[in-house]
Amino acid sequence: MKVDFAPLNIPLRRRVQTIAVLKWIFSFLMLAQFCLAGFILLALSDWWVLAVMYAGWLWLDWDTPTCGGRRSQWMRNWTLWHHFRDYFPISLVKTADLDPRHNYIFGFHPHGVLVVGAFGNFCTEATGFSRLFPGLKPHLLMLPFWFRVPLFRDYIMTGGLVSSCKTSLSYLLSRPEGGHVAVLAVGGAPEALDARPGALTLQLLKRKGFIKLALKHGAHLVPVFSFGENELFDQMPNPSGSPLRSLQERLQCIMGVSLPLFHARGVFQYSFGLLPYRKSIHTIVGEPIPVVQTASPSNEDINVLHGNYMQALSQLFERNKHLYCIPDDCHITFT
C-alpha cells in the first residue's frame with residue numbers, strides 16, 4: 001500500500017489542531033485503562049494509603065454520575081478545545097430559542113463512531129453552547145461502565161458527562177428549576193457499527209425509552225442532526241449476518257459497548273491510523289417538541305410522541321441537507 005505522507009510545510013496551527021485531536025483520541029480510547037492501571041499500581045506501592053483514601057472518596061461519591069455529575073466550567077473552556085474544534089471544524093447551529101424554565105432531551109443523531117460532534121458541542125464551550133442557549137446546562141449521557149473506572153470518572157465528569165442509566169436521566173429531567181439538557185445519542189452502540197461515510201441509517205424505530213421518560217417528566221424533546229458525523233472514519237466491512245458483525249454484536253451484549261473496527265488517517269501521513277479525517281461537522285439543533293407531563297403514559301401516548309419526534313427529525317434533515325452537499329435523493333432511513 002502506498003503511504004501518502006503529509007508535507008513538511010504544514011502550518012503550525014494545523015499541527016496544534018492535530019495534537020489536540022490526538023490527545024482527545026487517547027483520552028477516549030486509552031485513558032481509562034491507564035487510570036485503572038495507575039490506581040492498581042498506587043495500591044500496591046508504598047503510597048497505598050492514597051489509594052485507600054481515594055477508594056473511600058469513590059464510595060462516598062459513587063452516585064454523583066447519576067445525580068447531575070460534577071462539571072468544571074474551567075475545563076469546558078480550555079483553549080485546547082478550540083484547536084480541537086478547528087481541526088474538523090465543528091459548528092453548532094441554533095434554529096429556535098429554548099426556554100430555560102424547561103428541561104430538555106436532545107436526541108443526537110447519528111451516533112457516529114466516537115460521537116465527536118456531541119463531545120465538541122456539548123462537553124466544551126468551543127462552539128458557544130452557553131452563548132447560543134443561555135440558561136441551559138448540557139449533560140452528555142455516557143455508558144455507566146465508564147463511571148466505575150477510578151480517576152477516569154472524575155475526568156470525564158468535568159466536561160458534563162453523566163451516566164446514561166434511567167436513574168440519571170430521570171434526575172436531570174425532574175429538576176424543578178429547569179435549564180437541564182440531557183444529550184442522548186439515541187442510536188447508541190449498535191448504530192456505531194454502521195457509522196461510515198454516506199450512511200444515513202438511524203436506529204430509532206424501537207427506541208422509545210427516552211420518549212416515555214420525556215412524558216413522565218414533561219421534558220421537551222429536541223431533535224439534533226449532526227451533518228458530517230459519519231464521514232470521519234472508515235470501517236472494516238461488517239454487513240449484517242457477517243462473522244465480524246456477529247462477533248461485534250456478541251461482544252456488545254457481553255460488555256455493553258460496541259467495538260467498531262475503524263480507521264482513518266495518521267499524524268504524519270494520510271493513509272492509515274486512528275485520527276479522524278478533517279471533515280466538517282455541522283450540528284443542527286432543531287425546534288423543541290412540547291411535551292405535556294403524563295405520570296403514567298400509555299402505549300398510545302408513547303407511540304404518538306415517538307412518531308412526532310421521527311417526523312420532526314426527518315424534517316430537520318430535509319430542510320438542511322442541501323446546505324451540506326447531501327443529494328436530494330438521499331433520505332434518513334429508520335430501523
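These questions and answers walk through a predicted model of one chain. Local features need pLDDT of at least 70 and side-chain atom pairs count at pLDDT 80 or more, while totals for chains use all residues. Residues are numbered from 1 along the chain, and side-chain values use heavy atoms, without hydrogens and water.

Visitor: How many helices and strands does the chain have?
Guide: Both are DSSP runs: helices are H or I, at least four residues, and strands are E, at least two. The chain has 13 helices and 11 strands.

Visitor: Which radius of gyration does the chain have, against that of a compact globule?
Guide: The radius is taken over C-alpha atoms, and the globule rule is 2.2 Å times the number of residues to the power 0.38. With 335 residues, the rule gives near 20 Å, so the chain agrees with a compact globule, at 20 Å.

Visitor: What share of the residues is buried?
Guide: Buried means under 20% relative accessible area, with a 1.4 Å probe and protein chains only. Of the 335 residues, the buried share is 49%.

Visitor: Which residues have the most contacts inside the largest nonpolar core?
Guide: A nonpolar core joins buried Ala, Val, Leu, Ile, Met, Phe, Trp, Tyr and Cys through side-chain atoms within 4.5 Å. The largest has 52 residues. Those with the most contacts inside it are Phe84, Phe88, Phe106 and Val116.

Visitor: Which residues does Phe84 touch?
Guide: Contact means heavy atoms within 4.5 Å. Residues up to four places away in sequence are not counted. Phe84 then touches Ala20, Val21, Trp24, Ile90, Val116, Phe119 and Gly120.

Visitor: How many residues are in the second core?
Guide: This core is separate, and it includes Leu215, Ile289, Ala312 and Leu313. Its count is 34 residues.

Note on methods:
Buried means under 20% relative accessible area, exposed over 50%, partly exposed in between (1.4 Å probe, protein chains only).
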